[in-house]
Amino acid sequence: MSLELLFLGTGTSAGVPMIGCDCDVCRSTDPRDQRTRPSVLIRYPDPSPAPRRYDGSPVPASPPRQFLIDAGPDMRVQLIRHRVHRLDGVLFTHTHADHVMGIDDLRRINAVMNGPVQIYAEPAALQTLRAMFFYIFESHRNVNSSFVATLIPQPIKPAQPLDLFGARWTPIRLLHGRLPILGFRVDYPADPADPDAATHSLAYCTDVSGIPPETYPLLRDLDVLVVDALRYHHHPTHMTVDQALGVIEQLGPRRAYLTHVAHDIQHADLEARLPDHVFLAFDGLTVDVPSIAPD
Ligand SMILES: [Zn+2]
Ligand SMILES: [Zn+2]
Ligand SMILES: [Zn+2]
């Protein structure tokens, strides 16, 4: 059993191509240069033992658990493109528009699953979401009764892990300029029958310009690290490619992927220059953790 990471979107807040830009990357015909707003889907089979009926026959296995990290303005297209019809939860890193503006479309998940969607975020982020989407969270005040999303807010805190269907999710503190936000580490049992066995692990660190000292221990021993690499030159709230490579070298994951990429970076050009274990993510890329993806 393994953990699967699907890059739904790998672009920066404006997406690539950008409205009104004629640069080489925005006009590129390489599909990897077409980047929707940043989001990933993390999918894994529920490792708990399959229940059995009275006659001993197994109950059909439930579909893999699926979690979204962030629900940006391209979420609808991303979920349709990858035929994602159900979600066991959405975890939010922070409340910038490129990470939350798909929330309205979660009502389709409500309709398909016939149930609410759990949303996980820090208390301050949940408060911001309530203000931005007041018609969802205070639907009794709407002039007309209409079908809005049903979301169940679940407050989370850095370094306080959650068990979500057998995987351990640890929210980790990151700095996005001066704004404290969250990244996520997921540890999944390599052998569900043996709770002491090793875990497969990944961490997703988007929109980060600084990693506070208390976070470093939470990013050790990773199979896969995903990290922000906006562009080549300095930005106050995102890492550059060189800064991201420095963090990767310091933390030593088995593999690393760069995301939240702006139009300054041409996929084929940068990919050819990266170290062997570092890759530039692109929309639609699926990574098995820990199997090494074929070239
Ligand atoms: Zn962003
Ligand atoms: Zn451009
Ligand atoms: Zn942001």
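Two strands count as paired here if DSSP finds at least two bridges between them. Everything shown below comes from a predicted model.

**Figure 1. The whole chain, before we zoom in.** The protein chain carries seven helices and 14 strands. Its radius of gyration comes out at 19 Å, close to the 19 Å that the globule rule gives for 295 residues, so the chain is as compact as a globular protein of that length. Along the principal axes, the C-alpha trace spans about 60 × 55 × 40 Å. Of the 295 residues, 40% count as buried. Take the contacts with a sequence separation of 6 or more: 63% of them are between residues 24 or more positions apart.

**Figure 2. The open sheet that runs from β6 to β14.** Seven strands line up here in the order β6-β5-β4-β3-β2-β1-β14, and the pairing is mixed. At the edges stand β6 (151-155) and β14 (286-289); each has a single partner strand, so one side of each is left without a neighbour in the sheet. From one strand to the next, the twist averages 25°. Zooming in on one end, β1 (residues 3-9) and β14 pair antiparallel over four bridges. Look for L3 in this view: its bridge partner in β14 is V289.

**Figure 3. The open sheet that runs from β7 to β13.** This sheet also has seven strands, ordered β7-β8-β9-β10-β11-β12-β13, again with mixed pairing. The edge strands are β7 (162-164) and β13, and each of them pairs on one side only. Ignoring direction, neighbouring strands are turned by 25° against each other on average.

**Figure 4. Strand β9 and its two partners, β8 and β10.** Of the 11 residues in β9 (residues 179-189), nine are buried, so the strand is largely enclosed by the rest of the structure. On one side, nine bridges tie β9 to β8 (residues 167-176), with the two strands running antiparallel. Within that pairing, W169 sits opposite V186 of β9. The two strands make a hairpin with two residues between them, and G177 in the turn has a positive phi of about 65°. The pairing of β9 with β10 (residues 199-205) is antiparallel too, over six bridges.

**Figure 5. Helix α6 and the elements it packs against.** Which residues of α6 (residues 241-251) are buried? They are V241, A244, V247 and I248. The general rule is handy here: an α-helix has 3.6 residues a turn, so residues three or four places apart point the same way. On the other side of the helix, D242, G246, E249 and Q250 are exposed. What do the buried residues of α6 pack against? Their partners are β11 (224-228), β12 (255-259), α7 (267-271) and β13 (278-280). The helix lies across β11, β12 and β13, running at about 155° to β11. Just after α6 comes G252, with a positive phi of about 65°.

How values were computed. Residues numbered from 1 in each chain as written. Chains lettered and ligands numbered in written order. Predicted model: local features only at pLDDT ≥ 70, side-chain atom pairs only at ≥ 80, totals over all residues. Buried ≥ 20, exposed ≤ 12 C-beta atoms within 10 Å, placed from the backbone. Contact = placed C-beta atoms within 7 Å. Axes fitted to C-alpha atoms, helices over the stretch in contact; angles between N-to-C directions. Rg over C-alpha atoms; globule rule 2.2 N^0.38 Å.
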